[in-house]
Amino acid sequence: MQVLGGAEIELIPEDYFRTLRREEIFPDASRPLELDVGCGDGTFLMEMAAHYPERDFLGVERLGGRVNAIVRKARRRGLTNMRVLCLETGYTLRWLLPDGCATRVHLLFPDPWPKARHAGRRFVQPANLEAMHRVLHPGGDLLFKTDHPEYFLTATEVVDESPLFQRQPWLEAGEFYPITDFEQLWLGQGCTINAARWRRRDGVVAGKAAA
């Protein structure tokens, strides 16, 4: 496979106001596609792409400086099976990505918004669950990690109560799942990392939530 150039590693839609076709993300729509939403410095994204060349990966990150750095690193490593999109995660999931495009959504260390008055800004909300359900392929998984114990309890309660997802055991021991930049930081500070996994329920229709 030809090594992607920087412009190809960064996914820049021709039109941000229409839903992408699956082939616009990666040409071969038959390959599994995994989403890393809020991908930070891209550590997890690039390690997954390097370890699983038979899968494709799309990272979503709203900060342009981080996206530029990810593109440079991916080019140096010659990674052909990953792309990164500079855009707000909620909009991407609700409106830009096509239905059923992803086999997995990785939601790793989102901002916990620990103050009670900011709880409504937390990403794990019913509207975003509908969006993740929509973009997941039947049988696809949502994987979530956080170092914040309160957020873990509230987030898992929201997802467990949703008709859209069913709790699953965490990954099998030994399955490759790299440590993110945030995880490395929190582990170094002695924090406990909490993880949960859910499977998309089939036969349930989740409409697009309002912006």
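Here are some questions and answers about the predicted model above. Residues are numbered from 1 along each chain as its sequence is written, and side-chain values use heavy atoms, leaving out hydrogens and water. Because this is a predicted model, local features need pLDDT of at least 70 and side-chain atom pairs count only at pLDDT 80 or more, while totals for chains, interfaces and linings use all residues.

Q: What is the mean pLDDT of the chain?
A: Let's start with confidence: pLDDT is the predictor's confidence in each residue, from 0 to 100. It stays under 50 over residues 1-6. Even so, 92% of the residues reach 70 or more, and the chain's mean pLDDT is 90.

Q: Which residues touch the most other members of the largest nonpolar core?
A: A nonpolar core is a set of buried Ala, Val, Leu, Ile, Met, Phe, Trp, Tyr and Cys residues joined through side-chain atoms within 4.5 Å. Buried means under 20% relative accessible area, exposed over 50%, and partly exposed in between (1.4 Å probe, protein chains only). Of the 34 residues in this core, those touching the most other members are Leu35, Leu93 and Phe165.

Q: Is Gly100 buried, partly exposed or exposed?
A: Gly100 sits in the loop between α5 and β4, where helices (H or I, at least four residues) and strands (E, at least two) are DSSP runs, numbered from the N terminus. Its relative accessibility is 24%, so Gly100 counts as partly exposed.

Q: Which residues is Gly100 in contact with, leaving aside its neighbours within four places in sequence?
A: Contact means heavy atoms within 4.5 Å. By that rule, Gly100's partners are Arg134, Val135, Leu136 and His137.
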